[in-house]
Amino acid sequence: MAVNDLAELLKCAVPEVFSTMLSMEASPQPADAPKPVFDAQVAGAVGFTGKLDGVVYLFTPVSFARLITGRLLGLSDNEIDGDDMVNDAIGELTNMVVGHVKSRMCDRGAACVMTIPSVVRGSHFSITPVSPTDSRTLHFVCQDQHLLVQVLVKP
Amino acid sequence: MGVKILTVDDSKTIRLIVARAFKTFDTEILEASNGVEGLAVASREKPDIILLDFTMPVMDGMEMLGKLKSNTDLKSIPVVMLTAEAGRENVTKIAKMGVRDYIVKPFKEELVVERVGRIVELMPRGATVAKIRRYDDPLNLLLVDDKPAILEQLRTGLADTPWTITSAEQVNLSLIERITQNPPDLILASLSLPSDAACTLFQKIRNTIKTQSLPIFGLSVKTETDEQVRAQQLGFTGIVTKPIDFNDLKAKITRALNLDTTYKYFERQANVLVIKVPTVCTSVATNEIAANLRLQAKEAVDAGIDKLVMDISRPKSVDVTMIELGLRVVRLCQELSLKYIFVGSEPICRECINFAETKDWRFANSIEEAVGQLGGGTRVSPPKEPVAG
């Protein structure tokens, strides 16, 4: 199993999770479409280790992260109480996406375990692995909002 | 009191989603963010059901589940596992852990409610509480078993109750219609019916709104643990093993239907609360008395009663469970400042003098005498002397 296989699994996982938890349609965009650049963003991260070692990041602009949080918890934007609530929501969403992928990986013989989620937030940052990795970045559009999902796998 | 649901998940998001799912039901939602907290809350609150995340820091779901199952006070609490991982291997691992059910994330709130509703009865918030039935009220029990001898056994074993037992030998459309149109109060279904018919019946019953809360017990030979585990994981109310212990069966039916048994053991006479210990004081009877003791005593005190008589004149002898019950009564009376006395036969009195725990118990010959003794002053009369010779 390689990074391209994981990318294909993510193309199914993200829409499934968004549809079930948020009643939102997340549409994968063509690979050659220009990727958005976010200013203030929230990035959820869940790693996996076993037959494959890697990590999946889910990048959203802060505004979309707040919208996602409100949808998940049935709250209006005013009712969202601080960054922690948003961080937790994005972390859990990432957890569900990677869990979905991990289940399919295990069924195909690539057993692994997941890490607990972590979240990074800020502006104008990118995350770069220290050692060489195979990487794919997927772009989704969801109700005029943009979402990037990056998968990194140790070769 | 509502159903207590404990959610153990490191994600506050999930805990909030679960709380919201049950907002319209009469529930009390408890939360913990890891297995260590979860165990502490479970020990303190004794929830009716636990929703347990698989992957958590500090202590994960698997470890917490292991500790729950090895704790005699907590092991019977049903657990539903929440997991983001639905792979075959993971599902098999979870099934073997003794959980009642599992829910894969992502999930719709309705699914959580439906799965929990299969295990515990969920009442809408604000719904009128149904009139509580007594143990001596008529009930309709349906036996689904292809062995006629079991029906005979049931009728004989429950002959001392006013309960009616009807039967069916197989699960078919006609039976389902019969149950739907005229639901019995409880179903006993043999797990050895061919083609997993009992499980099929269970699922059909649970999927019909009119019968979704109907208690269904699986009947199974004691050694057939595989089918029993499967039935429990499916959500059967409980298992009744063959050969049938009828005291145990009556206790299970009493619990499943929340039958009021207090009238068998507690009675108010004028300004006295009388506890009547039955002739055959089984562990079931002792447990029922103990379970209702505090509430009955508090209600009596609230109604102005300040005297208690524990009548142990019916049993032929005193045993450890009866002594423990008596000690519990004494402690409670001291706590609530109730004047108390025991009623017992001569042999019982003589036996009690021989035990350190009971030698100071005061006895009267009858309830009338006991009431007279309690009503006369601030202290009860000195202990009876044993008859010489």
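Colleague: What length does helix H13 (residues 320-336) of chain B reach from its first C-alpha to its last, and what is expected at 1.5 Å a residue?
Modeller: In this predicted model, local features need pLDDT of at least 70 and side-chain atom pairs count only at pLDDT 80 or more, while totals for chains, interfaces and linings use all residues. Residues are numbered from 1 along each chain as its sequence is written, and chains are lettered from A and ligands numbered from 1 in the order in which they are written. As for H13(B), its 17 residues reach 24 Å, close to the 24 Å expected, where the expected span is 1.5 Å times one less than the number of residues. Helices (H or I, at least four residues) and strands (E, at least two) are DSSP runs, numbered from the N terminus.

Colleague: Which residues of H13(B) are buried, and what puts them on the same side of the helix?
Modeller: The buried ones are B:Met322, B:Leu325, B:Gly326 and B:Val329; a residue has this label if 20 or more other C-beta atoms lie within 10 Å of its own, is exposed if 12 or fewer do, and is partly exposed in between, with C-beta atoms placed from the backbone. These four cover an arc of only 100 degrees around the axis, and therefore lie on the same side of H13(B); the arc is that of the directions from the helix axis to the C-beta atoms. An α-helix has 3.6 residues a turn, so residues three or four places apart point the same way.

Colleague: What lies on the other side of H13(B), what covers its buried residues, and what follows the helix?
Modeller: On the other side, B:Val320, B:Arg331, B:Gln334 and B:Glu335 are exposed. The cover over the buried residues includes strand E12 (272-276), helix H12 (283-302), strand E13 (307-311) and strand E14 (339-343) of chain B. After H13(B) comes B:Ser337, with a positive phi near 55 degrees.

Colleague: Why does A:Ser23 count as exposed?
Modeller: A:Ser23 has 9 C-beta neighbours inside 10 Å, and therefore counts as exposed. A:Ser23 sits in the loop between helix H1 (3-22) and strand E1 (27-28) of chain A, and its phi is near 55 degrees, a positive value in a residue other than glycine.

Colleague: What makes A:Asp144 exposed, and where does A:Asp144 lie?
Modeller: There are 6 other C-beta atoms within 10 Å of A:Asp144, which makes it exposed. A:Asp144 is placed in the loop between strand E6 (134-142) and strand E7 (145-153) of chain A, with a positive phi near 65 degrees.

Colleague: Why is B:Met62 called partly exposed?
Modeller: B:Met62 has 17 other C-beta atoms within 10 Å, and so it is partly exposed. B:Met62 belongs to helix H3 (residues 61-69) of chain B and, leaving aside its neighbours within four places in sequence, is in contact with B:Phe54 and B:Met97; two residues are in contact if their C-beta atoms, placed from the backbone, lie within 7 Å.

Colleague: Which residues have the most contacts inside the largest nonpolar core, and which helix gives the most to this core?
Modeller: That core has 81 residues, and those with the most contacts inside it are A:Leu10, A:Leu58, A:Val97 and A:Val149. Helix H3 (residues 83-107) of chain A gives the most, with 11 residues. Such a core is a set of buried Ala, Val, Leu, Ile, Met, Phe, Trp, Tyr and Cys residues joined through C-beta atoms within 7 Å. Leaving aside its neighbours within four places in sequence, A:Leu58 is in contact with residues including A:Ile90, A:Leu93, A:Val97 and A:Val149. A second, separate core of 32 residues includes B:Val277, B:Ile312, B:Ile341 and B:Leu374.

Colleague: How many residues of chain B are in contact with chain A, and which helix of chain B supplies the largest share?
Modeller: In chain B, 21 residues are in contact with 21 residues of chain A. The largest share of the side of chain B that touches chain A, 6 residues, comes from H1(B).

Colleague: What is the omega of the peptide bond from B:Lys105 to B:Pro106, and what is that of the bond joining B:Lys242 and B:Pro243?
Modeller: From B:Lys105 to B:Pro106 the bond is cis, with omega near 5 degrees; B:Pro106 is in the loop between strand E5 (101-104) and helix H5 (109-119) of chain B. The bond joining B:Lys242 and B:Pro243 is a cis peptide bond with omega about 0 degrees, and B:Pro243 is in the loop between strand E10 (238-242) and helix H10 (246-256) of chain B.
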